[in-house]
Amino acid sequence: MRMMYKFLIPNQKGDQTKLDGSLRKALKELVEETKPESAYFYMYHGKRGGLLVFDVEHPGDLVPINDKLIAATGAEINVHPTLNWEELEKTP
């Protein structure tokens with residue numbers, strides 16, 4: 001199942017993790033674990049954010065991914081099942 005995974009990192013925790021190097025490590029682990037088909041990182045309302053699109057076999061697979069990112073960065077996470085155009089065209 002393809003997921004759109006969006007996150008925002010609170011400024012205080014983001015600044016702290018940026019300075020101590022753990023932000024880069026957390027994001028690298030997120031990308032390595034999810035193997036996204038696309039990944040974007042940006043600022044949104046003054047906060048560090050990101051959007052990844054990747055596949056999971058079961059929604060429960062997201063729990064350890066979420067837990068690691070939240071523990072490392074305090075991120076607020078939103079996950080949405082997502083279809084590409086070809087998949088949408090095949091729906092009844």
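What pattern does the protein chain follow, read along the sequence?

## Overall layout

The chain runs β-α-α-β-β-α-β-α. This is a predicted model. Four helices and four strands make up the protein chain. Its C-alpha atoms fill a box of roughly 50 × 25 × 15 Å, taken along the principal axes.

## Helix α2 against helix α3

Two packed helices are described by the angle between their axes and the distance between the axes. Helix α2 covers residues 22-34, and helix α3 covers residues 62-73. They pack at an angle of about 170°, and their axes lie 10 Å apart. An angle over 145 degrees counts as roughly antiparallel, so α2 is roughly antiparallel to α3.

On the α2 side, the contact uses Leu23, Ala26, Leu27, Leu30, Glu33 and Thr34. On the α3 side, these residues meet Ile65, Lys68, Leu69, Ala72 and Thr73. By class, the contact of α2 with α3 has seven nonpolar, two polar and two charged residues.

## Helix α1 against helix α2

Helix α1 spans residues 11-20. Its packing angle with α2 is about 95°, with the axes 5 Å apart. Angles of 65 to 115 degrees count as roughly perpendicular, so α1 is roughly perpendicular to α2.

Gly14, Thr17, Lys18 and Asp20 are the α1 residues in this contact. They meet Ser22, Leu23 and Arg24 of α2. By class, the contact of α1 with α2 has one nonpolar, three polar and three charged residues.

## Salt bridges

Side chains of opposite charge can pair when their charged atoms come close. The structure holds six salt bridges. One of them joins arginine 2 and glutamate 87. Their closest N and O atoms are 2.4 Å apart.

This pair links distant parts of the chain. Arginine 2 sits in strand β1, residues 2-9. Glutamate 87 sits in helix α4, residues 85-89.

Which residues make the nonpolar surface patch of about 330 Å²? Tyr40, Tyr42 and Tyr44 make this patch. Tyrosine 40 is found in strand β2, which covers residues 38-44.

Notes
Residues numbered from 1 in each chain as written. Predicted model: local features only at pLDDT ≥ 70, side-chain atom pairs only at ≥ 80, totals over all residues. Heavy atoms only, no water. Patch = residues over 30% accessible without salt bridge, like charges linked within 9 Å, V, L, I, M, F, W, Y side chains within 5 Å. Areas by Shrake-Rupley, 256 points an atom, 1.4 Å probe, with all protein chains shown as cover. Salt bridge = Lys/Arg side-chain N within 4 Å of Asp/Glu carboxyl O. Helix = DSSP H or I, 4+ residues; strand = E, 2+ residues; numbered from the N terminus. Axes fitted to C-alpha atoms, helices over the stretch in contact; angles between N-to-C directions. Parallel < 35°, antiparallel > 145°, perpendicular 65-115°, else oblique. Contact = heavy atoms within 4.5 Å. Nonpolar A, V, L, I, M, F, W, Y, C, P; charged D, E, K, R; others polar.
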